[in-house]
Amino acid sequence: MLIIPIKDGENIDRALKRFKRKFDRTGTMRQLRKRQAFSKPSVVRRAQIQKAQYIQGLRDAEEI
């Protein structure tokens with residue numbers, strides 16, 4: 001549970017912005033979206049390999 005203390009005279013918009021920033025850093029939404037659907041380990045591994053190949057291709061293109 002996130003707790004954001006509001007100081008005396010602090011603007012509510014500023015406190016809300018601090019809350020949103022802190023919430024994004026925890027990764028709660030990313031974790032919830034990831035848990036919505038099960039992915040087989042082989043599918044996850046294949047996606048990681050494809051991502052690595054794509055990034056490596058970009059790096060090779062930069063060097064040329």
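Tyr 54 sits in helix 3, which spans residues 41–63. The model is predicted. Tyr 54 has a relative accessibility of 56%, so this residue counts as exposed. Together with Ile 55 and Leu 58, Tyr 54 forms a nonpolar patch on the surface. The accessible area of the three residues together is about 300 Å².

**Helix 1**

Helix 1 covers residues 12–26. Its length is 15 residues. From first C-alpha to last, helix 1 reaches 21 Å. That is close to the 21 Å expected at 1.5 Å a residue.

Both ends have something to inspect.

Is Ile 12 buried or exposed? Its relative accessible area is 54%, so Ile 12 is exposed. Ile 12 and Leu 2 are 10 residues apart in sequence. In space, their C-alpha atoms are 16 Å apart.

**The aromatic pair**

How many aromatic pairs does the structure hold? There is one. The partners are Phe 19 and Phe 23, with ring centres 6.0 Å apart and planes at 20°, so the pair is stacked. The cut-off for stacking is planes under 30 degrees apart. Phe 19 and Phe 23 are four residues apart in helix 1, so about one helical turn separates them. Phe 19 is partly exposed, at 32% relative accessibility. Phe 23 is partly exposed too, at 26%.

**Around Glu 10**

Glu 10 lies in the segment before helix 1. Its relative accessible area is 18%, so Glu 10 counts as buried. The cut-off for buried is under 20%.

Side chains of opposite charge can pair when their charged atoms come close. The count here comes to one salt bridge. Which side chains meet in it? They are those of Glu 10 and Arg 18, at 3.2 Å from N to O. The two side chains are also joined by a polar contact of 3.2 Å. Arg 18 is partly exposed, with a relative accessible area of 24%.

Glu 10 has a backbone neighbour as well. A polar atom of the Glu 10 side chain lies 3.0 Å from the backbone nitrogen of Lys 7.

**Accessibility by residue**

The table gathers the accessibility values for the residues discussed above.

| Residue | Relative accessible area | Class |
|---|---|---|
| Tyr 54 | 56% | exposed |
| Ile 12 | 54% | exposed |
| Phe 19 | 32% | partly exposed |
| Phe 23 | 26% | partly exposed |
| Arg 18 | 24% | partly exposed |
| Glu 10 | 18% | buried |

Technical notes: Residues numbered from 1 in each chain as written. Predicted model: local features only at pLDDT ≥ 70, side-chain atom pairs only at ≥ 80, totals over all residues. Heavy atoms only, no water. Patch = residues over 30% accessible without salt bridge, like charges linked within 9 Å, V, L, I, M, F, W, Y side chains within 5 Å. Areas by Shrake-Rupley, 256 points an atom, 1.4 Å probe, with all protein chains shown as cover. Salt bridge = Lys/Arg side-chain N within 4 Å of Asp/Glu carboxyl O. Helix = DSSP H or I, 4+ residues; strand = E, 2+ residues; numbered from the N terminus. Buried < 20%, exposed > 50% of the residue type's maximum accessible area, 1.4 Å probe, protein only. Phe/Tyr/Trp six-rings, centres within 6.5 Å; stacked < 30°, edge-to-face > 60°. Expected span 1.5 Å × (residues − 1). Polar contact = N/O pair within 3.5 Å; in protein donor to acceptor, adjacent residues only side chain to side chain.
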